[in-house]
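Subject: Structure for you to look at

Hello,

Here is the structure I promised to pass on. Please open it and keep it on screen while you read my notes below.

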Amino acid sequence: MKNEASVLFVGAGPGDPELITLKGLKALQRADVVVYAGSLVNRALLEELKSGAEAYDSAPLNLDQVLQIMTEAVAAGRHVVRLHTGDPSVYGAIQEQMEALDALGIDYAVIPGVTAAFASAATLRQELTLPGVSQTVVLTRIEGRTPVPEKEQLRRIAALGATVCLYLSVSMMDEVVEELLAGGVYTPNTPVAVVSKASWPDEQMVEGTLADIAEKVADSGIRRQALILVGEVLSARKDGVPEKSKLYDRDFFHGFRVKS
Ligand code: SAH
């Protein structure tokens, strides 16, 4: 891992400032200039900056302005951290920034973070992969202003019947439910959970089925910054685990647990 890159893209995690990685925290503490996604990154993390470090909220800035801050700082020999919510690789718009830095000959590295899907699973205290139920997790979104390729339209994803984590979609609950049912595998009884502001002090969760979740979410007042989890794995919350995992089975031996 190139820790000394001029620009570090850092995953801030989902909200709780203790959910940044140690490596991310150290990068933040060393930084001279930080550009952070003000809409979702917990500002408590900025308290980690050394005195004299500059912090810029990227929310009102366009790509060129963000790049200008970065390039000027790098030219002055300063350490730059670009702080993204969750993990930078998921809906982080980092590729275009990295491409621009490549063109400018500026070196960079990425420090991963805890993405909202995993923070939401933690809030729910729910495993996303259960033997005999689902061994696949899809991270996706419904089409909004950003188009989604035809092959990944939500109804086609829903046809997998896997565990699905939907980002950027809670404001379109009715369409989400319609598309999920149109896949032909989920039914009105399929369980759904919606977690808003996972890991923040005011986190909220709503649980239901495809039949009633849209109404429950509307009643809850959750409008944004929420993750939708769909799939039969959530049934285990009520019905228990249908099949125990092989990993800890008394009769299943592997490299780290050999038959004695
Ligand atoms: N890079 C981020 C995602 C950015 S897109 C990540 O890895 O998590 C923004 C979307 O992420 C929001 O619309 C919401 O769906 C989700 N999100 C971000 N933080 C969240 C949180 N604390 N709880 C629930 N959903 C969250």
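The chain has 8 helices and 10 strands. Please bear in mind that this is a predicted model. Along the principal axes, the C-alpha atoms fill a box of roughly 60 × 55 × 35 Å. The chain holds 260 residues, and 45% of them are buried. Its accessible surface is about 13,900 Å². Carbon and sulfur atoms make up 51% of that surface. Now take the contacts with a separation of 6 or more: 69% of them join residues 24 or more positions apart.

**Helix H6**

Look at residues 173–182, which form helix H6. Met173, Val176, Val177, Glu179 and Leu180 are buried there. They sit on the same side of H6, because they cover an arc of only 165° around the axis. Asp174 and Glu178, on the other side, are exposed. What covers the buried residues? The cover includes helices H5 (154–158) and H7 (213–220), along with strands E7 (163–167), E8 (191–196) and E10. Just after H6 comes Gly184, with a positive phi of about 85°.

**Leu229**

Strand E10 spans residues 226–230 and contains Leu229. Leu229 counts as buried because its relative accessibility is 1%. Leaving out residues up to four places away in sequence, Leu229 touches Ser120, Ala121, Leu124 and Leu128, among others. Its partners also include Val164, Cys165, Pro191 and Val192. From Leu229 to Ile20 is 209 residues in sequence, and 23 Å in space between the C-alpha atoms.

**Two buried arginines**

Arg82 is in strand E4, residues 80–84. Arg82 is buried but has no salt bridge. Which side chain of opposite charge is nearest to Arg82? That is Asp57, 7.4 Å away. A polar atom of the Arg82 side chain does lie 3.3 Å from the backbone oxygen of Val35. Beyond its neighbours within four places in sequence, Arg82 is in contact with residues including Leu8, Phe9, Val10, Tyr36 and Gln97.

Arg141 lies in strand E6, residues 137–141. Arg141 is also buried, and also without a salt bridge. Its nearest side chain of opposite charge belongs to Glu143, 8.2 Å away. Setting aside residues up to four places away, Arg141 touches Tyr91, Thr146, Val148, Leu166, Tyr167, Leu168 and Ser169.

**Salt bridges**

Side chains of opposite charge can pair when their charged atoms come close. How many salt bridges does the structure hold? There are 8. Here are some to find.

- Asp32 and Lys50 meet at 2.9 Å, N to O. The pair links distant parts of the chain, 18 residues apart. Asp32 is in the loop between helix H1 (22–30) and strand E2 (33–36), and Lys50 is in the loop between E2 and strand E3 (54–57). Asp32 counts as buried at 16% relative accessibility, while Lys50 is partly exposed at 37%.
- Arg43 and Asp57 meet at 3.4 Å, N to O. Arg43 is in the loop between E2 and E3 and Asp57 is in E3, so this pair ties together parts 14 residues apart in sequence. Arg43 is partly exposed at 43% relative accessibility, and Asp57 is partly exposed at 22%.
- Lys197 and Asp202 form another, with the closest N and O atoms 3.7 Å apart. Lys197 is partly exposed at 21% relative accessible area, and Asp202 is partly exposed at 45% relative accessibility.

Best wishes

Notes
Residues are numbered from 1 along each chain as its sequence is written. This is a predicted model: local features need pLDDT of at least 70, side-chain atom pairs count only at pLDDT 80 or more; totals for chains, interfaces and linings use all residues. Side-chain values use heavy atoms; hydrogens and water are left out. Helices (H or I, at least four residues) and strands (E, at least two) are DSSP runs, numbered from the N terminus. Buried means under 20% relative accessible area, exposed over 50%, partly exposed in between (1.4 Å probe, protein chains only). Lys and Arg count as positive and Asp and Glu as negative; His and the chain ends are not counted. A salt bridge is a side-chain nitrogen of Lys or Arg within 4 Å of a carboxyl oxygen of Asp or Glu. A polar contact is a pair of N or O atoms within 3.5 Å; within protein, one must be able to donate a hydrogen and the other to accept it, and residues adjacent in sequence count only if both atoms are side-chain atoms. Contact means heavy atoms within 4.5 Å. The arc is that of the directions from the helix axis to the C-beta atoms. Accessible areas come from the Shrake-Rupley method with a 1.4 Å probe; for residues, only the protein chains shown count as cover.
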